[in-house]
Amino acid sequence: MMRHPGRWMTPLVLLALFASIMLWGGCAKDLMGADTTPPTDSQITSPEDGDALNSPVINIRGRAEVGATVEILVNGDPKGSSVAHPPAPSEGGLGRFTVEDVELGDEGPKEIRGIVTDLYGNRASSDIAIDIILDMQAPPVVFEDLIDAQWDTVEGVPMWQTGVPTVTLVGRTDTTATLARARYGINEFTPDSMYTFQGAPGEPDSVRFWIPMTSPPLTPANPDSLVTYYVEALDEAGNASTWPIQLNWAAAGKETVLAWDDSDYGSIGNRVTGQVGMALAVQFQAPPWANFVTGMEIFIMNDFKDNPDDPQAPTTAPFIAWIWKPTPQLKPPDPPGGHANDGYTPFDWYQAPEDQLVPFYFPNAIDITNNNDFPDRQFLAGVQYVIKNNPYIGFDIDEPLDSRSFRWNFTEWETATADYIIHAIVSDLQASGEGRTAVLRSVVTTPASPGQ
């Protein structure tokens with residue numbers, strides 16, 4: 001006899017569904033008798049009430065009594081239905097339903113309504129409904145300008161140039177945007193300020209925004225980096241407008257040593273030292289192109305002590321190197337104000353040579369481009385003593401004296417009567433463990449002219 005397995009599929013499915021319903025201990029339905037209880041606690045879980053969406057075709061998900069049919073209407077028009085299937089045991093008694101490929105139609109507000117009917121034809125006493133907005137129109141975005149950059153022609157190519165490692169991008173959008181940004185790769189820059197202009201009647205207001213952007217890592221071995229930034233405006237529905245900007249960052253690698261003295265102490269007696277906690281500092285002003293203090297030079301004198309391991313070796317003790325901000329609201333020469341770096345100990349015991357100008361670099365450069373902290377790139381560099389009377393540092397007494405040297409006497413800064421031989425190394429590039437990294441000059445190839 002020929003068997004027809006397919007004839008048994010529908011009864012088996014229904015039997016399994018009924019069995020599943022019977023297993024839910026919390027179900028009040030009496031499947032052996034007439035059921036007149038309408039389904040309750042149904043809900044639409046996705047999308048959520050008040051969502052803004054940018055896709056005209058979506059899936060609608062929710063929870064309803066197991067076995068119930070959920071018919072979806074959009075602004076009153078039927079768009080499909082689905083049966084709620086049993087959930088995982090940990091999720092409770094309500095089943096899950098998904099109505100796929102629901103067409104929302106044209107842009108605008110939408111009411112999504114679900115009519116829930118259980119296995120016995122009982123309709124829920126109230127439909128489930130949410131309101132959403134279909135928005136497929138991206139907000140506008142326009143790139144306007146770069147601040148701290150100059151528009152020029154270099155080797156016949158129009159480009160932007162800047163003398164600082166940070167530029168500020170200026171763009172515009174309108175109040176339909178919820179986010180403005182500039183990005184490349186995983187790097188994202190967002191506005192630090194925005195300004196709203198009133199729009200025409202019936203039109204959204206215009207918004208100008210300012211976005212600071214820092215250079216990517218650059219080294220002397222890799223001094224250039226061509227980056228495509230995407231200036232974007234996004235709205236609540238996820239629509240985005242994009243304006244690509246190509247920016248070529250180029251490291252210039254310029255460095256100089258700042259000094260008031262002539263590096264000649266003249267006489268062996270022209271040296272200074274201090275007690276533990278005392279400090280020496282010299283005030284400097286970096287040139288406009290210098291963005292970082294990268295190191296120092298100090299003339300370490302002979303202390304006339306014997307090294308216990310090698311009579312010919314130096315006996316210089318450790319010290320702490322500091323960079324200070326100028327004292328607020330004073331005119332130069334200013335005594336030191338607050339510290340601008342973490343104290344750095346460049347040499348351990350007996351490491352620093354003596355009777356010579358000794359250079360060293362900070363592990364992390366000190367950025368002096370903030371005009372509030374370093375007016376016109378003014379700062380102070382010096383040392384603090386951690387060992388009594390060591391090291392000895394040379395000073396210059398040749399005229400004219402510059403009165404830029406200071407000595408901390410535990411209670412106040414005194415103006416020194418000599419020029420301490422302490423120098424500052426400044427650069428357009430910052431320092432890192434792999435060498436100097438940062439940028440002095442940037443180039444942008446769009447737009448055709450600035451300020452449009």
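**An antiparallel sheet and aromatic contacts**

In the predicted model, an open sheet is built from four strands in the order β9-β12-β16-β15, with antiparallel pairing. The antiparallel pairing of β15 with strand β16 (residues 206-214) extends over five bridges. Serine 193 has tryptophan 210 in β16 as its bridge partner.

Aromatic pairs number 14 in the structure. One of them is formed by tyrosine 344 and phenylalanine 360, in a tilted arrangement with 6.3 Å centre to centre and 55° between the planes. This pair connects distant parts of the chain, 16 residues apart: tyrosine 344 belongs to the loop between β24 (336-339) and β25 (356-367), and phenylalanine 360 to strand β25. Tyrosine 344 is partly exposed, at 23% relative accessibility, whereas phenylalanine 360 is buried, with a relative accessible area of 6%. Phenylalanine 360 also forms an edge-to-face pair with phenylalanine 347, at 6.0 Å centre to centre and 85° between the planes. Phenylalanine 347 lies in the loop between β24 and β25, 13 residues apart from phenylalanine 360. Both phenylalanine 347 and phenylalanine 360 are buried. One aromatic cluster comprises Phe319, Tyr344, Phe347, Phe360 and Phe362.

Charged side chains also lie over aromatic rings. The charged end of arginine 172 is placed over the ring of phenylalanine 197, 4.6 Å from its centre. Arginine 271 sits over the face of tyrosine 392, at 4.0 Å from the ring centre.

Methods: Residues are numbered from 1 along each chain as its sequence is written. This is a predicted model: local features need pLDDT of at least 70, side-chain atom pairs count only at pLDDT 80 or more; totals for chains, interfaces and linings use all residues. Side-chain values use heavy atoms; hydrogens and water are left out. Two strands pair if DSSP finds at least two bridges between them. Helices (H or I, at least four residues) and strands (E, at least two) are DSSP runs, numbered from the N terminus. Rings of Phe, Tyr and Trp (its six-membered ring) pair if their centres lie within 6.5 Å; planes under 30 degrees apart count as stacked, over 60 as edge-to-face and the rest as tilted. Buried means under 20% relative accessible area, exposed over 50%, partly exposed in between (1.4 Å probe, protein chains only). A charge sits over a ring if NZ of Lys or CZ of Arg is within 6 Å of the ring centre and within 35 degrees of the ring normal.
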